[in-house]
Number of protein chains: 2
Amino acid sequence: MCEANAYLVEGDETNLIMEAVDTVEPEEDGVRLVSIFGDQKFIKARIHALSLVEHKVYLKA
Amino acid sequence: MCEANAYLVEGDETNLIMEAVDTVEPEEDGVRLVSIFGDQKFIKARIHALSLVEHKVYLKA
């Protein structure tokens with residue numbers, strides 16, 4: 001399975017905000033994350049970078 | 001390996017623009033894609049959605 005972990009980058013800190021992310025949908029004022037378990041989170045941030053081979057999605061506020 | 005295929009959504013059409021994408025970096029006026037082979041493409045588009053379990057990155061112009 002190729003789900004990823006989502007991290008929020010804030011200044012020097014990078015914090016894990018959701019594991020096992022399947023879908024990522026940028027919206028007007030944030031990003032919607034949905035995990036493979038169906039959990040949803042809406043984060044007021046934008047996609048900063050993806051590193052798919054490392055299973056990482058970086059968001060930045 | 002969890003690289004993905006990148007697709008460009010234009011109206012009703014969805015076209016494959018790059019296979020085996022590793023990193024995706026949104027920039028000022030587009031998105032930089034880098035494949036696991038080191039190939040790079042810069043696309044004047046934004047990230048529309050990710051479906052990581054399906055290995056798909058959707059961009060929209």
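**Cysteines, a patch and a pocket**

Q: Buried or exposed: which is A:C2?
A: A:C2 is buried, at 10% relative accessible area. Buried means under 20%, exposed over 50% and partly exposed in between, using a 1.4 Å probe and protein chains only.

Q: What kind of model is this?
A: It is predicted: local features need pLDDT of at least 70, side-chain atom pairs count only at pLDDT 80 or more, and totals for chains, interfaces and linings use all residues. Residues are numbered from 1 along each chain as its sequence is written, chains are lettered from A and ligands numbered from 1 in the order written, and side-chain values use heavy atoms, without hydrogens or water.

Q: OK, what does A:C2 form with B:C2?
A: A disulfide, with the sulfur atoms 2.0 Å apart. The cut-off is two cysteine sulfurs within 2.5 Å. The pair crosses between chains, and each cysteine sits in the segment before β1 (4-10) of its chain. Strands are DSSP runs of E, at least two residues, numbered from the N terminus.

Q: Which hand does the disulfide have, and why?
A: Left-handed, because the torsion about the S-S bond is about -75°.

Q: How buried is B:C2?
A: B:C2 has a relative accessible area of 9%.

Q: Which residues make the nonpolar surface patch?
A: A:M1, A:I36 and A:F37, covering about 360 Å². Patch residues have over 30% relative accessible area and no salt bridge; like charges are joined within 9 Å, and nonpolar side chains (Val, Leu, Ile, Met, Phe, Trp, Tyr) within 5 Å. A salt bridge is a Lys or Arg side-chain nitrogen within 4 Å of an Asp or Glu carboxyl oxygen. Areas are Shrake-Rupley, 1.4 Å probe.

Q: Where is A:I36?
A: In the loop between β3 (30-35) and β4 (40-43) of chain A. A:I36 is partly exposed, at 32%.

Q: Last one: what lines the largest pocket?
A: 17 residues; A:P26, A:R46, A:I47, B:P26 and B:R46 lie nearest its centre. β5(A) gives the most, with 3 residues. On a 1 Å grid over protein atoms alone, a pocket is an open set of points where a 1.4 Å probe fits, with protein on both sides within 12 Å along at least five of seven lines; lining residues have an atom within 4 Å of a point.

Terms used: Helix = DSSP H or I, 4+ residues; strand = E, 2+ residues; numbered from the N terminus.
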